[in-house]
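Dear colleague,

Please find below the structure that I am handing over to you, with its sequence. My notes on what was found in it follow directly after.

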Amino acid sequence: MKRNAARAAVAYIEPQTIVGVGTGSTVNHFIDALAEIKDQIAGAVSSSEQSTARLKALGIPVLDLNSISGFGVYVDGADEINAAKQMIKGGGAALTREKIVAAVAKTFICIVDSTKQVEVLGKFPLPVEVIPMASSYVSRELAKLGGKPVVREGVVTDNGNLIIDVRGLHISEPLALEQQINNIVGVVTNGIFAARAADLVLVGSAEGTQVLR
Ligand SMILES: O=C[C@H](O)[C@H](O)[C@H](O)COP(=O)(O)O
C-alpha cells in the first residue's frame with residue numbers, strides 16, 4: 001500500500017526540478033522510484049541523514065537547502081492525517097527538518113496508506129523535539145495540556161536533540177495546539193503539521209491509489 005502511494009507521487013515531479021524528500025518507510029519507496037528517473041531531475045533536498053544516505057547511495061545528488069531559493073514538490077509520509085490534510089509526523093524523529101523543507105516547498109504531497117487516515121489527530125503519540133536541558137521542564141508543561149509525555153529512549157535527533165512522545169491528546173484544534181506547544185521554551189518544534197498542511201494526499205491501498213485534493 002505504501003509502495004503504491006509512493007510510486008504515484010513520481011507523476012507529480014516536473015522534469016529538471018529539485019525534489020523535496022521526506023523521511024520514513026513510505027518515503028523509502030519514493031526514493032527508490034525517484035532513482036529510476038534520476039537523470040530527469042535536478043537533484044533532491046533531504047529532510048534527514050537517513051534519506052540523504054539512501055538518496056546518495058542510489059546516485060541522486062543531494063543539495064544544501066541554503067543553496068536554493070525554493071523548489072516545487074515535497075513528498076513525505078505521515079503518522080496520521082485528517083480530512084483537512086493536517087498531520088502528525090515525527091514517528092521517525094525527523095519532524096523538524098521535515099517541517100523546514102516543507103516550509104520551503106511550493107507543494108506538499110503526502111503519501112500514506114489508508115491506515116493513517118483519522119477523523120481526529122492524537123491516537124498516534126505526538127512527537128515533540130526538545131533541547132536536552134529543557135526536557136523535564138517541557139514534559140511538565142506538556143502534562144498541563146492533558147497529555148502523558150515520555151522521553152523516547154535511545155533517540156537523538158539529527159539536530160542533537162531529544163524527542164518527547166505525548167500520549168492521550170485529542171487534537172480537535174491542530175493549528176492552535178501546534179502553536180501553543182511551539183511556544184513552550186525549549187521546544188524546537190512539534191509533530192503537528194497544521195500551519196503547513198499537505199496540499200495533496202495520495203492514499204495507497206491494495207487496489208491502487210486514491211488522490212485527495
Ligand atoms: O519522522 C518521521 C516522519 O515524520 C515520517 O514521515 C512518518 O513517521 C511516517 O513514517 P512511515 O512512512 O515510516 O510510516
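**Findings**

A93 is found in the loop between strand 5 and helix 4; helices (H or I, at least four residues) and strands (E, at least two) are DSSP runs, numbered from the N terminus. Please note that this is a predicted model, in which local features need pLDDT of at least 70, side-chain atom pairs count only at pLDDT 80 or more, and totals for chains, interfaces and linings use all residues. Residues are numbered from 1 along each chain, as its sequence is written.

**Two residues with positive phi**

The phi angle of A93 is near 70°, a positive value in a residue other than glycine. A93 has 23 C-beta neighbours inside 10 Å and therefore counts as buried. By definition, a residue is buried if 20 or more other C-beta atoms lie within 10 Å of its own, exposed if 12 or fewer, and partly exposed in between, with C-beta atoms placed from the backbone.

K85, likewise not a glycine, also has a positive phi near 70°. K85 sits in the loop between strand 4 (80–81) and strand 5 (87–88). With 18 other C-beta atoms within 10 Å, K85 is partly exposed.

**The annotated position and helix 4**

The UniProt record, an unreviewed entry, lists E98 under "active site". UniProt positions are given in the numbering used here, feature names are shortened, and annotations may be inferred rather than shown by experiment. E98 belongs to helix 4 (residues 95–104). E98 counts as buried because it has 32 C-beta neighbours inside 10 Å. Residues up to four places away in sequence aside, E98 touches G22, T23, S47, D76 and K89; two residues are in contact if their C-beta atoms, placed from the backbone, lie within 7 Å.

Helix 4 also holds I100. I100 has 14 other C-beta atoms within 10 Å and is partly exposed. The C-alpha atoms of I100 and R196 are 10.0 Å apart in space, although these residues are 96 apart in sequence.

**Packing of the helices**

How do helix 1 and helix 2 cross, and at roughly what angle? The axes of helix 1 (residues 2–9) and helix 2 (residues 25–35) come within 8 Å and cross at roughly 45°. Axes are lines fitted to C-alpha atoms, for helices over the stretch in contact, and angles run from 0 to 180 degrees between N-to-C directions. Helix 1 and helix 2 are therefore oblique to each other; angles under 35 degrees count as roughly parallel, over 145 as roughly antiparallel, 65 to 115 as roughly perpendicular and the rest as oblique. The crossing of helix 1 with helix 2 is right-handed: a crossing is left-handed if the near helix is turned anticlockwise from the far one by less than a right angle, and right-handed if clockwise.

On the helix 1 side, K2, R3, A5, A6, R7 and A9 meet S25, T26, H29, F30 and A33 of helix 2. The residues of this contact divide into five nonpolar, three polar and three charged. Here Ala, Val, Leu, Ile, Met, Phe, Trp, Tyr, Cys and Pro count as nonpolar, Asp, Glu, Lys and Arg as charged, and the others, Gly among them, as polar.

Helix 2 also packs with helix 3 (residues 49–57), at an angle of about 20° and with the axes 10 Å apart. That makes helix 2 roughly parallel to helix 3. Their crossing is right-handed. V27, N28 and I31 of helix 2 and S51, R54 and L55 of helix 3 make the contact, which has three nonpolar, two polar and one charged residues.

**Residues in the strands**

L126 lies in strand 7 (residues 126–130) and is buried, with 29 C-beta neighbours inside 10 Å. Its C-alpha atom is separated by 7.7 Å from that of K89, 37 residues apart along the chain. Beyond neighbours within four places in sequence, L126 is in contact with I88, V166, L169, N190, G191 and I192.

F108, in strand 6 (residues 105–113), is buried, with 24 other C-beta atoms within 10 Å. The C-alpha atoms of F108 and P125 are separated by 23 Å, with the two residues 17 apart along the chain.

G204 is placed in strand 12 (residues 200–205). G204 and A6 are 198 residues apart in sequence and 7.9 Å apart in space, C-alpha to C-alpha.

With kind regards
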